[in-house]
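I opened this entry to record what I looked up on surface patches, ring pairs and charged pairs. The notes follow in the order of the search.

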Amino acid sequence: MFSNQFYIALLWYIIFPAIYISKHKPTNLKKPYSDKIKLKIGSKLLNISTSTIQFISTDKPYSIVHANGKKILDNKSLKEFETELDPTIFLRVHRSSIINAAYVKELKSRNNGDYDATLKNGQIIRLSRHFRNNWKQLIQ
């Protein structure tokens, strides 16, 4: 019924642009990060304000959330915490730790590319050169 030119025109003007638009959607939409996270402690579910979290370390297979002077054990991985927390505030600085940049008091070089971060509570966290892209704004 329809000629080949009709099908070519249909492909060119309708189908190809639809495919192009679907593959090139804007990706700069910011994910809204919550100011609270849920931690499971035994059978209880606890809401913790992200502003009180100083750092998160790992003690496989658990993560330890250090907040308000308390240590809270959770079964999430650091990778899961990275997706939940705002990456402009919470920086992955080592394979075993994430820090809250607001709690960093001082940085000291180890003269090998690594740094030690002293937090406001006196805790010292090692910053690995392998994660430098995540934390280099702290030394600028």
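**Surface and contacts**

I began with Y13, which is exposed at a relative accessible area of 63%. I note that the model is a predicted one. I placed Y13 in helix α1, residues 4–23. I then found that W12, Y13, I14, I15 and I19 make a nonpolar surface patch of about 580 Å².

I next looked for aromatic pairs and found one in the structure. Y115 and W135 form this pair edge-to-face, with 5.5 Å centre to centre and 70 degrees between the planes. I noted that the pair links distant parts of the chain, Y115 in strand β9 (residues 115–119) and W135 in helix α3 (residues 132–135), 20 residues apart. Y115 is buried with a relative accessible area of 19%, and W135 is buried at 0%.

My search for salt bridges returned five in the whole structure. In one of them, R92 meets E82 with the closest N and O atoms 2.9 Å apart. R92 lies in strand β6 and E82 in helix α2, so the pair ties together parts 10 residues apart in sequence. I recorded R92 as buried at 13% relative accessibility and E82 as partly exposed at 28%.

I also found a salt bridge between R126 and D114, with the closest N and O atoms 2.6 Å apart. R126 is in strand β10, whereas D114 is in the loop between β8 and β9, 12 residues away. D114 is buried, with a relative accessible area of 3%.

Note on methods. Residues numbered from 1 in each chain as written. Predicted model: local features only at pLDDT ≥ 70, side-chain atom pairs only at ≥ 80, totals over all residues. Heavy atoms only, no water. Patch = residues over 30% accessible without salt bridge, like charges linked within 9 Å, V, L, I, M, F, W, Y side chains within 5 Å. Areas by Shrake-Rupley, 256 points an atom, 1.4 Å probe, with all protein chains shown as cover. Salt bridge = Lys/Arg side-chain N within 4 Å of Asp/Glu carboxyl O. Helix = DSSP H or I, 4+ residues; strand = E, 2+ residues; numbered from the N terminus. Buried < 20%, exposed > 50% of the residue type's maximum accessible area, 1.4 Å probe, protein only. Phe/Tyr/Trp six-rings, centres within 6.5 Å; stacked < 30°, edge-to-face > 60°.
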